[in-house]
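Please look over the sequence and the coordinates below before reading on.

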Amino acid sequence: MAYPGGPPIPVPGQNGYWNGSAHPNQPSNIHQYAMQSAPASSHSNPHTPYQPQYNGNHIPYERNASMDPSGTVYTAPREYQAQPQFQSQPPQAPPQSHQFINPAQLFQQPAQRSSSLMSHSSVHTVADPRVHGSGAPASSASPNVDRPKLMISLAEEFFDAAHRIAPYISNSMSPGGLEEYQKLVATGLGLLETALKNVRLPPRLEANIRLRYAGILFEETENYMEAETALSKGIVLCERNHYFDLKYAMQFLLAKIMFTKTPKAALKALDANIADAEAYHHFSWVYALRFLRASKSLALGLPTERWKENFESIRAVAQQQSDHGIWTAACLMEALAHLRSNNQDSIENAQGAIAAARSYQTEVGNQIPQLLSLAHIVDVACGLRQGNAVVMNSKLEAMQRMMDGILRDEESWGMLTDNIAIPINRTPKSSQVVSSDTRTVLGIGHDGRDNLMLSFLSKKDAYSLIYLLGGMIKVHTYSQEEKTMKAMKYFESGLSSLEASASKNANISGLLPDCISQVQWREQIICYYCTYMAFCTAAVSDWAKVRKFMEKLNTAINGLHKSLVGPLGTISMYISGIYHQGTGDLDSALQIFGDDRFDLAADKSTSSNVTQVEKDFALLAALNNIWILQESNRVDTSRNTALIEKVATLCQNHPNKDIQTAYNLMAATVKTSPPTASIQIKSHLNSALKGAQTTANMQFTAITLSVMCSRFFVSVVGEQAEKSAMAAWVQTKKAGNPLWTSVAGGLLARCLELNGKPAEASETLRAAQYFAQKSLPQM
């Protein structure tokens, strides 16, 4: 979720705000602070008035002297380099080039009587339906023209023109498109700067211009010092004229800017602002400032108690003021924070926060669909961390029922709507601190209550996450009728939904940093889809499809225009090792699993759950290494003993049951020096079977039963041996892995032959040979 900066500048004579036809409380995107996996996007209907928005996922620009619309230059960010295009479909061409004017010309050139902007009535915002075309307005002016209004109108029109082409640029990153965007933004900034320096403005209009100017500088450039200067002067102006609403908005934006350079000073400044808001009982701003304080504490990696106290303070005030929507949001933010932590009690704390959030969600006035969906998403994620199959499936079904109900509700949450308006009960002092000019952070709802504006996923994007979670839960559950995994159905549906959502959003205007963040977020989710689909197909030894999804993964990675690091990079490297191991290229597999990224001795001591994911895959890579080294010409029992001791402590008490199961299977099958005692082997196999049943992992269950049969019944005659071999044969066919099915079939064929059943043994052996042929690499 996120907060915005300042709204478009209000123009005198137009109902007190920028466009007289626009409701002052239309929600807008806000600065991202809690859901770092979610993108901060700017969506607006092209047929409604555009309100430029602010988002904390800024990408800085450099400052140089290549273009000068008003004496100041704002050029492309360092990250905005021309990139090759990796989209499956070429982006549409951006609108045609614009003509640019120097703002200083408004004061230098002689007045012209013939002008499209000559009279007061002819000055419109870019959102006005009477304004058409992509070209910039003419620069001539009448002697009676309202110059401040003219310059503000021009600036907003340039900003809007830039935002219209931003979606196309974010897809292609073409040099021409980037230059066009830079010029439009720079010209708009030059107009606002000229208005501040050369025009005598009414105090409130000047304050709005300073807020807007600083916000654009923060979002689109690296000129943070200039933004801070503009805000500092604006705060003094607001204090002198008692504009408390704009003062809070400027303090809010100033804190975000300060965090980019001096985070500790920003926290102190926020604490002072919060204390003032609490002293004057300006509760709406207490909520906004404390949410920002909590998000920045999380971003800085501060101890749990530092960010938790902010959520507790928010809940205390919300309960006192009966702001149950705020209570719910604070609980869910805290649950997300606990989920990201790797503390021993993090899941328990997260579930406690979810339970608290649901205490008011049954009230009619507090059923905000985005928060309802977030509660279910976090709850399902907690179930995944716990690994209990029954609990996971129960939570998944509840989430699906909830989303089916929300699907029909287009009014409160549209398919492309990516914002939330959380109602706040108004107090007698609310009118002084919340207005249409603060609507990007705090607005006024249709029911008269204040609204805290947060950004969230669109419904389409939320569905893509829900499909991903559903596939992850079903990843070990197979359809016995079609012999295909149910998980693949979830992944395929989610991936198609995500790709459809990306094509629709390509025509929605927004800030370029927001559009780029949204594109990169979708590419990352596609990467996760590809990796999980590769895992699913690897589980059934379909190596041709594994290679197909790996190629699609590489294409998605290239679309990110940056190197892949973090958990996603670790997972993608691991699946490539699995592919080489499965296709028999063991040397390449050993090289990949021995990469520094899988070094168990590396310093990964932070408590972040993100780091834990990398640790887990490092453990899995170590287990794969040990199994590969059991090849006849590589086996070394002394080395095996040392390698098992290295991973034993990390695996035996691991919170993930599947990792425990994998370790127990490895310990029961790998030869060591001295040899493992039979009673220990039985203990490991018993623990592996219990772990596989707990997580409903059919693959592990099949492998465990096959290993049991091989270890204890391979040359035994009798009913018990036949039952063991038959159980392994049935379970492996259920799991759907042809390699292990052929192994179990061979064990059963030998057992049947020893028990005097040659016909059945021959039939089973032919079936086992069929599965063995099927399990060969399909290149």
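Among contacts in the chain between residues at least 6 apart in sequence, 72% join residues at least 24 apart. The model is a predicted one. The chain has 779 residues, and 57% of them count as buried. Its secondary structure consists of 28 helices and 5 strands.

Helix 12 covers residues 369–386 and helix 15 covers residues 459–473; their axes come within 11 Å and cross at roughly 20°. Because angles under 35 degrees count as roughly parallel, helix 12 is roughly parallel to helix 15. The handedness of this crossing is left-handed. Which residues make the contact between helix 12 and helix 15? From helix 12 come I377, V380 and L384, and from helix 15 come I466, L469, M472 and I473. Sorted by class, the contact of helix 12 with helix 15 has 7 nonpolar residues, with no polar and no charged ones.

Charged pairs are the next topic. Side chains of opposite charge can pair when their charged atoms come close.

Are R522 and D461 buried or exposed? Both R522 and D461 are buried, the cut-off for that class being under 20% relative accessible area.

R634 and D587 form another salt bridge, with 2.8 Å between the closest N and O atoms. Here R634 sits in the loop between helix 21 (609–628) and helix 22 (637–652), while D587 is in helix 20 (residues 586–593), so this pair ties together parts that are 47 residues apart in sequence. R634 counts as partly exposed because its relative accessibility is 21%. D587 has a relative accessible area of 52% and is therefore exposed.

The salt bridge of K183 with E179 lies within one helix, helix 3 (residues 175–198). Its closest N and O atoms are 3.3 Å apart. What is the separation of K183 and E179 along helix 3? The two residues are 4 residues apart, which means that about one helical turn separates them. K183 has 26% relative accessibility and so counts as partly exposed. E179 is partly exposed as well, its relative accessible area being 41%.

Salt bridges also link R204, D245 and D437 in a network.

Where is N755 found? N755 is in the loop between helix 27 (738–754) and helix 28 (758–774). Leaving aside residues up to four places away in sequence, N755 touches V716, V717, G718 and E722. For one of these, E722, the C-alpha atom is separated from that of N755 by 8.0 Å, and the two residues are 33 residues apart along the chain.

Methods:
Residues are numbered from 1 along each chain as its sequence is written. This is a predicted model: local features need pLDDT of at least 70, side-chain atom pairs count only at pLDDT 80 or more; totals for chains, interfaces and linings use all residues. Side-chain values use heavy atoms; hydrogens and water are left out. Axes are lines fitted to C-alpha atoms, for helices over the stretch in contact, and angles run from 0 to 180 degrees between N-to-C directions. Angles under 35 degrees count as roughly parallel, over 145 as roughly antiparallel, 65 to 115 as roughly perpendicular and the rest as oblique. A crossing is left-handed if the near helix is turned anticlockwise from the far one by less than a right angle, and right-handed if clockwise. Contact means heavy atoms within 4.5 Å. Ala, Val, Leu, Ile, Met, Phe, Trp, Tyr, Cys and Pro count as nonpolar, Asp, Glu, Lys and Arg as charged, and the others, Gly among them, as polar. A salt bridge is a side-chain nitrogen of Lys or Arg within 4 Å of a carboxyl oxygen of Asp or Glu. Buried means under 20% relative accessible area, exposed over 50%, partly exposed in between (1.4 Å probe, protein chains only).
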